[in-house]
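Hi there,

Here is the structure I promised to pass on to you. Have a look at it first, and then read on for what I found.

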Amino acid sequence: MPINQNYSKARLCFVFVLFCLLSLYVLFVFCKLSFTPIENNKETMIEIERGSILDNSGKPLAISANFYHVGVKPSYIADYKEELADCLAIPLKTSKEELLSIINNASTDFVYLKKRITETECDNVRYALALNNLGGVSFDEITGRVYPENSLASQVIGFMGDAGTGLSGIEYSMQSVLAPDIQSIDKAYYTPASGKGKNVYLTIDANLQYKLEKIAKSAMEDTGAESLMLIAAEAKTGEILSYISLPAANLNQYPASSQEEKIDRPAVLAYEPGSVFKIFSVASFVESGAISENDKFLCDGRCEIVGSGGEKAIITCLDHHGWVTAREALQYSCNDALAQMSLKINSETFLQYIRQFGFGSRTEIELPGETRGSVKTTQDKLWSIRSKPTISIGQEISVSALQMVQATTALTNGGTPVS
């Protein structure tokens with residue numbers, strides 16, 4: 001069939017013009033990109049330097065440091081794995097057999113021989129490899145934490161994981177202060193200083209903490225106790241100077257610590273306070289006007305309470321203290337007298353005073369997982385005629401050690417708890 005010459009020429013001209021235009025466009029874009037200054041992608045360059053945690057005098061309790069993961073490709077070192085394992089056993093503080101087991105049992109063609117070794121340990125490994133003319137070992141640098149005081153105040157300080165995020169304590173609750181989110185930094189004005197987290201200063205006195213921990217550990221050994229809490233606070237300001245929860249985790253070996261060592265007892269455990277709660281009960285009775293400091297109560301060893309429906313409750317005392325004032329009742333820790341005092345105050349009024357001391361509410365300390373404790377109401381299904389006198393002697397109520405400390409500051413500050 002003959003070709004339509006007019007049609008072919010027109011089509012070729014169209015394709016040629018289109019090709020020329022496309023070529024000019026590509027040339028234009030190329031020239032434009034060639035002469036456009038390259039913008040630095042600061043998003044990938046930004047590194048957040050985590051702030052430190054220090055005691056009230058500036059002594060470092062948590063600081064950033066570089067660590068290394070040491071790894072190998074089993075297929076790459078197959079011909080000299082025994083020699084390599086023998087070379088690395090001492091600098092990695094393990095055995096040749098353990099290293100060979102890791103290499104031989106690897107499920108992929110890359111395996112870490114050891115994680116989180118220090119910079120000094122890394123230098124020792126490099127030196128051993130160079131000395132024996134061996135290679136095939138990789139070093140992945142990560143940013144981690146060093147805790148110079150090991151287990152000192154460990155539940156307060158907390159722990160930072162390999163991902164750079166706090167997992168407990170101040171490391172967790174103050175994450176945004178210690179290491180601000182990259183998205184919150186103005187990329188246009190980024191400087192190394194603006195990408196650095198802030199330091200956090202605790203009210204903890206490391207020297208006092210050390211001395212009291214030593215005493216606390218000795219007390220645990222002498223008594224055979226399973227755990228112990230101790231808080232020392234400045235009475236006028238409420239600042240916590242020492243915060244002890246034993247047993248405690250060594251923060252430099254935190255992943256290997258037991259669950260018992262990780263528990264922040266003063267903040268998360270609620271317990272019946274017992275007789276130490278009597279000071280708040282008496283303060284409530286006196287402040288409300290239910291009793292006066294000079295009123296006397298006869299302790300004969302038991303206080304019998306009879307409800308409106310004829311129900312009875314008996315509060316016993318460990319002794320017969322005779323006639324005692326409120327001050328003397330506290331001195332002797334007299335259950336009988338406290339129970340009698342509780343009968344003179346309205347239940348709702350008594351509970352209101354207890355809550356004003358801070359019981360039943362969190363202290364809002366900068367520590368995660370804090371308990372509210374438990375304060376009953378008169379509508380509680382477990383409320384009975386013995387609830388008010390029993391609460392007055394520190395039973396049928398649960399508190400935290402932090403709440404007890406905060407409430408006690410009210411007695412040294414004109415009746416106002418320091419928060």
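**What the model shows**

In the protein chain, 70% of the contacts with a separation of 6 or more are between residues 24 or more positions apart. Please keep in mind that this is a predicted model. The protein chain has 17 helices and 11 strands, and 38% of its 419 residues count as buried.

You will find N56 in the loop between β1 (53-54) and β2 (60-72).

A polar atom of the N56 side chain lies 3.3 Å from the backbone oxygen of T203. L241 is 185 residues from N56 along the chain, yet their C-alpha atoms are separated by 8.5 Å.

Two packed helices are described by the angle between their axes and the distance between the axes. For helix α3 (residues 81-88) and helix α4 (residues 96-104), the axes come within 8 Å and cross at roughly 135°. That angle makes α3 oblique to α4, and the crossing is right-handed. On the α3 side, the contact is made by K81, E82, A85, D86 and L88. On the α4 side, K96, L99, L100, I103 and N104 take part. Sorted by type, the residues of this contact are 5 nonpolar, 1 polar and 4 charged.

The last stop is helix α12 (residues 278-288). Which of its residues are buried? The buried residues of α12 are K278, F280, S281, V282, S284 and F285. An α-helix has 3.6 residues a turn, so residues three or four places apart point the same way. What covers the buried residues of α12? The cover includes these helices:

- α13 (326-332)
- α14 (335-342)
- α15 (347-356)
- α16 (387-392)
- α17 (401-409)

Just after α12 comes G289, which takes a positive phi of about 85°.

If you want an order for exploring, go from N56 in its loop to the crossing of α3 and α4, and then to the buried residues of α12.

Enjoy looking around!

Best wishes

Conventions:
Residues are numbered from 1 along each chain as its sequence is written. This is a predicted model: local features need pLDDT of at least 70, side-chain atom pairs count only at pLDDT 80 or more; totals for chains, interfaces and linings use all residues. Side-chain values use heavy atoms; hydrogens and water are left out. Helices (H or I, at least four residues) and strands (E, at least two) are DSSP runs, numbered from the N terminus. A polar contact is a pair of N or O atoms within 3.5 Å; within protein, one must be able to donate a hydrogen and the other to accept it, and residues adjacent in sequence count only if both atoms are side-chain atoms. Axes are lines fitted to C-alpha atoms, for helices over the stretch in contact, and angles run from 0 to 180 degrees between N-to-C directions. Angles under 35 degrees count as roughly parallel, over 145 as roughly antiparallel, 65 to 115 as roughly perpendicular and the rest as oblique. A crossing is left-handed if the near helix is turned anticlockwise from the far one by less than a right angle, and right-handed if clockwise. Contact means heavy atoms within 4.5 Å. Ala, Val, Leu, Ile, Met, Phe, Trp, Tyr, Cys and Pro count as nonpolar, Asp, Glu, Lys and Arg as charged, and the others, Gly among them, as polar. Buried means under 20% relative accessible area, exposed over 50%, partly exposed in between (1.4 Å probe, protein chains only).
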